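Biologist: I would like to learn how to read a ligand site and a helix pair. Can you take me through them?

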Amino acid sequence: MPAVCRRALAAIAMCALFTSLGCSPVLPTPRSDVEKTDVPRPAPRWGIVIHGGAGVLDRASLSPEREAETRAVLTASLEAGHGILAKGGSSLDAVTAAIRILEDSPLFNAGKGAVFTHDGTNELDAALMNGHTREAGAVAGLRHVRNPIALARAVMEKSPHVMMIGEGAERFAEQEGLALVPESYFYTEERWQALQRALAAEKKAPPPPQQGKPQSFWESPAGRDSKFGTVGAVALDQAGHLAAGTSTGGMTNKRFGRVGDSPIIGAGTYADEGCAVSATGHGEYFIRYTVARDVCARVEYSGMGLGAAADRVVMDILVKAGGEGGIIAMDAQGNVAMPFNSKGMYRGTMGADGIASVAIFRDP
Ligand code: ASP
């Protein structure tokens, strides 16, 4: 009798014994599988991917000086995250550090550079998710918290909750000793003028489009001034754990306490053990199509590669629905996807080789 059959018969006998004891035995693994699992797997390709928002970005709309400044901040953000990963730090720390740098820059629609609401205020949203533990923290409607991503992290680590909003969230920030700033901190002339243009355009424009009606949002009066700027990061650390985070001021001229997809776990931000996503774009669509989770679910359930899953959601499903924007995504092998269906998306990657790669437009 071949050895493999003898091993199987012995296992069946053991099985009967274990079952009578109430345990669940496992048949010995066939030799060939043992050999396969003994082969050392390649180390995951750790690294970080960031975005600084998607929208109507073409070379004509960006001066060389502004482009250079923007690339420098994106590079600094990548370096901050990469520095943590290179020392064996966690993907969660890397994502938080990278986003903080983008929040502190007036160039992006998050933190310091947040866009204005219809009422002339700034209301900030953010979320962070640890793919390894599935812990998550999210905040929305903040008006005084300098770094919303830090508060999202505090919600995740220091409270029993996942999401906090408005005044309550800010009381929690105070309790946790996070930096609070006067509303004037968020004032930038550029964002203020963008609101004025949106208000003027709105007076002349037909009523705003309704849910589910495909439209070129970024070409609409409200959208033209919401071109870009939400920030996000995903990272894979040397332990093979993923994390994702997103921070935003939302959309210019937003009203009535509107909250977009960025702080909604599964819509604009999501991470599990196999996949991490941060999104940017017209939030209402990203919420209704649960974009971030849909990409990761396709990777998990259908065996689709990350790139194919990301493309299907962003370049097909969202395009058909009329939802403009893009995502950054990583899987547990370190594969990266950065599809966008808008004209451009600020984005960058940095892997174990320490080479920062930053891009804005569709062509390199
Ligand atoms: N997704 C953000 C929101 O809808 C906006 C953006 O990404 O530009 O709030």
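Biologist: Which residues surround the ligand?

Modeller: T230, G250, M251, R258, G260, D261, S262, T280, G281 and G283 surround the ligand, each with a heavy atom within 4 Å of it. This is a predicted model, where local features need pLDDT of at least 70, side-chain atom pairs count only at pLDDT 80 or more, and totals for chains, interfaces and linings use all residues. Residues are numbered from 1 along each chain as its sequence is written, and side-chain values use heavy atoms, leaving out hydrogens and water.

Biologist: How many of the shell residues are nonpolar, polar and charged?

Modeller: The shell has 1 nonpolar, 7 polar and 2 charged residues. Ala, Val, Leu, Ile, Met, Phe, Trp, Tyr, Cys and Pro count as nonpolar; Asp, Glu, Lys and Arg as charged; the others, Gly among them, as polar.

Biologist: What lies 2.8 Å from an oxygen atom of the ligand?

Modeller: A polar side-chain atom of R258 does. A side-chain N or O atom of T280 is also 2.8 Å from a ligand oxygen. A polar backbone atom of G281 sits 2.7 Å from a ligand nitrogen. The protein buries 99% of the 270 Å² that the ligand exposes when taken alone (Shrake-Rupley method, 1.4 Å probe).

Biologist: How are two packed helices described?

Modeller: By the angle between their axes and the distance between the axes. Here α4 (residues 91–103) and α5 (residues 148–158) pack at about 150°, axes 8 Å apart. They are therefore roughly antiparallel (angles over 145 degrees).

Terms used:
A polar contact is a pair of N or O atoms within 3.5 Å; within protein, one must be able to donate a hydrogen and the other to accept it, and residues adjacent in sequence count only if both atoms are side-chain atoms. Axes are lines fitted to C-alpha atoms, for helices over the stretch in contact, and angles run from 0 to 180 degrees between N-to-C directions. Helices (H or I, at least four residues) and strands (E, at least two) are DSSP runs, numbered from the N terminus. Angles under 35 degrees count as roughly parallel, over 145 as roughly antiparallel, 65 to 115 as roughly perpendicular and the rest as oblique.
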